[in-house]
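I am opening a new notebook page for this structure.

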Amino acid sequence: MKLPPEQRAQFERDGYLFFPGHFSAEETRVLTDAVPDLYSRREAFNVREKGSDAVRTNFAAHLVSEPFARLARHPRMVGPVTDLFDEEVYMHQFKINGKMAFEGDVWQWHQDYGTWLNDDLMPTERAMNVAIFLDEVTEHNGPLMFIPGSHRKGVVDAKHDLTTTSYPLWTVDNDLIRQLVDRAGGKHGGIVSPKGPAGSMILFHSCLVHASGSNLSPFNRVAVYLSLCAVSNHIRRHKRPEYIAHRNFTPIEMLPDDCLLKPYPVEVPWKNGLPESASRTSLDLLDTVEA
Ligand code: SIN
Ligand code: MN
């Protein structure tokens, strides 16, 4: 899938592109139906909300579940990213965020590339976030908030927040958020929240500053976040376990466009649980070499 020049220009200017209803209801249902089994597993790849059993984020479903393994190779998702980068990509990170009814907690203001640089030593920002809604997203169930154009600031100051929620993040402080929002139009467009039906897709730049509020509504807001990195830009450090920051830099091979509806064969090596190696970090790896 190639993007027309106007969309490329819009991406350069705003740092994101929104594709409402990009996947059909039938395609989306195949994915939604696979979530309860993933979320029920007592594995390290399920991070639960602080003080609750609700799943905040599930990692690496493309190595556990066939429908998500097919989504990871979908040409309607991978195609626009390789087109924008003019290079093949590999899967750096794969999350299914719950933002469950009543319990889904906030995601503080951050840039994803800040974490990938600080934790994983990813050399440049040539990595793309793709969000795919598995539920309808409305103003009530904790939609993403973007500061349009904030990606053009490059990497901004951030501090490592280990306490506010159950998942550590490099977060941006309120003064800088105020400045970025003012610069983007303040009350008039300084923050935007793409909303739409299940199956909608957003591409957003890895330096785009974003956040989301809690979900106090009775409606889940499950969404998949795929982070695709240009192959030449692969991470240089394995400080985080492999189920969070992947170490397989092989270019993604796309499947045909109907791959969510037909059972094309895919490998799901972690379907029976995480191997011990997937939880190792660089320090453990050094220990192994020394031992
Ligand atoms: C993220 O920024 O990684 C998640 C944000 C969200 O799910 O609202
Ligand atoms: Mn993020």
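How many nonpolar, polar and charged residues does the shell around ligand 1 have? I sorted the shell by class and got three nonpolar, four polar and three charged residues. I note that the model is predicted.

**Entry: the ligand site.** I listed the residues around ligand 1 next: K95, N97, K99, W107, H110, L144, H210, S212, R221 and Y225. Then I looked up polar contacts. The side chain of S212 places an N or O atom 2.6 Å from an oxygen atom of ligand 1. For R221, a polar side-chain atom lies 2.8 Å from a ligand 1 oxygen atom. N97 also has a polar side-chain atom by an oxygen atom of ligand 1, at 2.9 Å. I checked the cover as well: ligand 1 taken alone exposes 250 Å², and the protein buries 99% of that. Strand 4 (89-97), strand 5 (107-110) and strand 11 (210-212) each give two or more residues to this shell.

**Entry: strand 6.** Why is strand 6 (residues 127-133) largely enclosed by the rest of the structure? I found that seven of its seven residues are buried, so the strand is largely enclosed. In a regular strand, side chains alternate between the two faces of the sheet.

**Entry: partners.** Strand 6 runs antiparallel to strand 12 (residues 223-230), with seven bridges joining them. There, A131 has Y225 as its bridge partner. I had already listed Y225 around ligand 1. Strand 10 (residues 201-205) is also antiparallel to strand 6, through five bridges. In strand 10, M201 is the bridge partner of I132.

Terms used
Residues are numbered from 1 along each chain as its sequence is written. Chains are lettered from A and ligands numbered from 1 in the order in which they are written. This is a predicted model: local features need pLDDT of at least 70, side-chain atom pairs count only at pLDDT 80 or more; totals for chains, interfaces and linings use all residues. Side-chain values use heavy atoms; hydrogens and water are left out. Buried means under 20% relative accessible area, exposed over 50%, partly exposed in between (1.4 Å probe, protein chains only). Helices (H or I, at least four residues) and strands (E, at least two) are DSSP runs, numbered from the N terminus. Two strands pair if DSSP finds at least two bridges between them. A residue is near a molecule or strand if one of its heavy atoms lies within 4 Å of it. A polar contact is a pair of N or O atoms within 3.5 Å; within protein, one must be able to donate a hydrogen and the other to accept it, and residues adjacent in sequence count only if both atoms are side-chain atoms. Accessible areas come from the Shrake-Rupley method with a 1.4 Å probe; for residues, only the protein chains shown count as cover. Ala, Val, Leu, Ile, Met, Phe, Trp, Tyr, Cys and Pro count as nonpolar, Asp, Glu, Lys and Arg as charged, and the others, Gly among them, as polar.
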